[in-house]
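Colleague: I would like to go through this model with you. Could we begin with the charged side chains?
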Amino acid sequence: MARHDDKLAALATMSPAQLRGEWLQLFGAAAPPVGHKLLALAIAHRVQEKAKGSLSAKLTREIETMVRQLGKGEEIKASVSVTLRPGTQLVREWRGATHRVMILDDAYLYRDERYGSLSEIARKITGAHWSGPRFFGLTKNGAAA
């Protein structure tokens, strides 16, 4: 760990030429034409990534998908693999009303009542049979308004 910290500290004192050499060693390619501060940050990120691990390939793909959606001005939808933790709030607008659901350890709280599934809540809101995860935008297809 000390070696990792020493390497990070050394980046602050490296010249642009030294940083480009460090980049070549870490990435196996010439450094991009960016300023030395940005180069140092990118190298620091890579050093930490090597020491502590990186994001999973799946999570990286999900983030890239969200960035593309954002770039196109699209609404960002959570992936199917999202784990809903207690305390998370789901918000859905339906026919001019905003509906909020709180995720609990073993249930869902909607308008001060506990429910066993999101589908029960979606049915209560719409009066029709809906997939709760789809209604709240948690599936790839998202919700239809």
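Colleague: Is Glu49 buried, partly exposed or exposed?
Modeller: Glu49 counts as partly exposed, at 23% relative accessibility; buried means under 20% relative accessible area, exposed over 50%, and partly exposed in between, with a 1.4 Å probe and protein chains only. This is a predicted model, in which local features need pLDDT of at least 70, side-chain atom pairs count only at pLDDT 80 or more, and totals for chains, interfaces and linings use all residues. Residues are numbered from 1 along each chain as its sequence is written, and side-chain values use heavy atoms, without hydrogens and water.

Colleague: Which residue forms a salt bridge with Glu49?
Modeller: Arg46 does, with the closest N and O atoms 2.8 Å apart. A salt bridge requires a side-chain nitrogen of Lys or Arg within 4 Å of a carboxyl oxygen of Asp or Glu. Helices (H or I, at least four residues) and strands (E, at least two) are DSSP runs, numbered from the N terminus.

Colleague: How many salt bridges does the structure hold?
Modeller: It holds three. One of them joins the side chains of Glu22 and Lys7, at 2.9 Å from N to O. Glu22 lies in helix H2 (residues 16-27) and Lys7 in helix H1 (residues 2-11), so this pair ties together parts 15 residues apart in sequence.

Colleague: On another topic, where does His99 lie?
Modeller: His99 is in strand S2 (residues 97-103) and is buried, at 6% relative accessible area.
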